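Welcome, and thanks for taking a look at this structure. Here is a short tour to read alongside it.

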Amino acid sequence: PEPENHTLLTGFVLSGLSNHPQLQLLLFFTFCIIYTITITGNLLILVVTLHPRLHTPMYFFLRVLSLLDISTASTVVPKMLISFLSEDRSISYMSCATQLYWVIFSTATECYLLAAMAYDRYVAICSPLRYAAIMNSRVCLSLVLLACCSGNVVSVMQTAWVFTLPFCGPRKMNSFFCDIPPLLMLSCTDTFPYEMQLIMATVLVLFTPCCLILVSYACIISSALKISSAEGRQKTFSTCSSHLIVVTLYYASGTLIYLRPKSSNSRDTKKFLALIYTTVVPTLNPLIYSLRNKDVQDVLIRIMTDMVKK
C-alpha cells in the first residue's frame with residue numbers, strides 16, 4: 001500500500017541545533033547578535049548608498065544585494081531563534097514551502113547578482129573610458145531584473161517539485177530551516193530523478209555564475225598587473241581578494257550541499273554549511289563590499305556629522 005502523506009496534516013519538525021541542549025541559550029544570544037549585525041549592516045548600506053555621491057552602478061547592485069541578504073536572514077534566523085527557547089520546533093506544511101521558496105529565491109538571485117557585480121567591476125577596471133556608456137541605468141536594471149526572474153523561476157520549480165514528493169515516516173528534519181536535502185531524506189519514494197535535476201539546477205545556478213565571476217576577476221587581475229602604480233595594484237588586489245572570499249564561501253557551501261543532496265554521512269556538515277550561506281555571508285557582505293570602501297566611509301561620516309549638528 002502507498003504510504004500516507006502525514007505532512008499534509010502535521011507538517012514537519014526542525015531539529016535545528018538541538019544536539020547540544022546545554023548550549024541553546026548561548027546559541028540564541030550568538031545568533032541574535034549575528035542577526036542584529038546583519039540587519040543593521042544591510043539597512044545601513046541601503047541608507048548610505050542612497051546619497052547622491054553614491055549613485056553609481058556598483059552601489060545600485062549593492063543595494064539589491066543588501067535587500068537579498070535581509071530576505072535570506074529574515075526567512076531563516078527568526079524561526080531558528082524561537083526554536084532555541086522553545087521545545088516546539090514544528091513548522092506547518094505551507095510555512096515550510098513558503099520558507100523554502102524564499103530561501104531559494106534569495107540565494108539563487110544573489111548568485112546571479114554576484115556575477116553581474118563582477119562584470120560591473122570588470123568593465124570599470126578594464127574599460128574605464130567606456131564604463132558609463134556600457135553600464136548605463138537600463139543595463140543595470142535589466143541585469144537585476146534578469147537575476148530576480150531567474151531566481152524566481154528556479155525557486156518556483158524547485159519548491160513545486162520537492163513538495164510533489166510523498167513524505168512519510170518520521171517527520172523530523174535534521175536542519176534548522178526547510179531545505180531540499182533534508183526534505184528529500186523524508187521522502188518515501190525514489191528521489192533519484194529529482195536528485196539528477198537538482199544537480200542540473202545547481203550547475204546552472206552555482207557553476208555558471210561562478211565561472212563568469214572567475215573569468216571577470218582573472219581579467220581584472222591581468223589588467224591590475226599592468227598598472228604602474230604600486231598603490232593602484234595593491235588597492236585592486238585587496239578589493240578582488242575580499243570579494244573572492246565571499247564568493248568562495250557562498251558558492252562552495254552551496255555546491256557541497258546540493259551536488260550530493262541525500263548523502264547521509266555528512267548531514268551535520270551540511271547543516272554547518274547551510275549556516276554559512278544563510279547567516280554568516282549576509283553578515284560579511286556589508287563589511288566586505290561596502291563598509292571597507294572609502295567612499296562609503298566618507299558618506300557615512302558626513303551623514304553622522306550632519307545628524308550631530310542637528
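## A buried tyrosine and its partner

Let us start with one side chain: Tyr250 is buried, as its relative accessible area is 3%. Please keep in mind that the model you are viewing is predicted.

Tyr277 is buried as well, with a relative accessibility of 4%. Both values fall under the 20% cut-off for a buried residue. Tyr250 and Tyr277 make an aromatic pair, with 6.4 Å from centre to centre and 85° between the planes, an edge-to-face arrangement. Because Tyr250 sits in helix H9 (residues 230-258) and Tyr277 in helix H10 (residues 267-291), this pair ties together parts that lie 27 residues apart in sequence.

## Other aromatic pairs

How many aromatic pairs does a search of the whole structure find? The search gives 14. One of the pairs is formed by Phe31 and Phe84, whose ring centres are 6.0 Å apart; their planes meet at 25°, so this pair is stacked. The cut-off for stacking is an angle under 30 degrees.

Phe31 belongs to helix H2 (residues 24-48) and Phe84 to helix H3 (residues 57-85), so their pairing ties together parts separated by 53 residues in sequence. Phe31 and Phe84 are both buried. Elsewhere, a cluster linked by ring pairs takes in Phe12, Tyr93, Phe163 and Phe167.

## The chain as a whole

Stepping back, the chain holds 11 helices and three strands. Read from the N terminus, the order of elements is α-β-α-α-β-α-α-α-β-α-α-α-α-α. The chain is as compact as a globular protein of 310 residues, because its radius of gyration, 21 Å, is close to the 19 Å given by the globule rule for that length. Taken along the principal axes, the box filled by the C-alpha atoms is roughly 70 × 45 × 30 Å.

How much of the chain is buried? Of its 310 residues, 48% are. Among contacts in the chain with a separation of 6 or more, 78% come from residues 24 or more positions apart.

The chain has an accessible surface of about 15,500 Å², and carbon and sulfur atoms account for 68% of that.

Arg302 is found in helix H11 (residues 294-309). Is Arg302 buried, exposed or partly exposed? Its relative accessible area is 43%, so Arg302 is partly exposed. Arg302 and Val48 are 254 residues apart in sequence, yet 10.0 Å separates them in space, C-alpha to C-alpha. Setting aside neighbours within four places in sequence, Arg302 has contacts with His51 and Arg53.

Leu204, in helix H8 (residues 192-224), counts as exposed because its relative accessibility is 54%. Exposed here means over 50%. Which residues does Leu204 contact, apart from its neighbours within four places in sequence? They are Tyr112 and Pro209. Leu204 and Thr38 are 166 residues apart in sequence, and the space between them is 28 Å, C-alpha to C-alpha.

Notes. Residues numbered from 1 in each chain as written. Predicted model: local features only at pLDDT ≥ 70, side-chain atom pairs only at ≥ 80, totals over all residues. Heavy atoms only, no water. Helix = DSSP H or I, 4+ residues; strand = E, 2+ residues; numbered from the N terminus. Rg over C-alpha atoms; globule rule 2.2 N^0.38 Å. Buried < 20%, exposed > 50% of the residue type's maximum accessible area, 1.4 Å probe, protein only. Contact = heavy atoms within 4.5 Å. Areas by Shrake-Rupley, 256 points an atom, 1.4 Å probe, with all protein chains shown as cover. Phe/Tyr/Trp six-rings, centres within 6.5 Å; stacked < 30°, edge-to-face > 60°.
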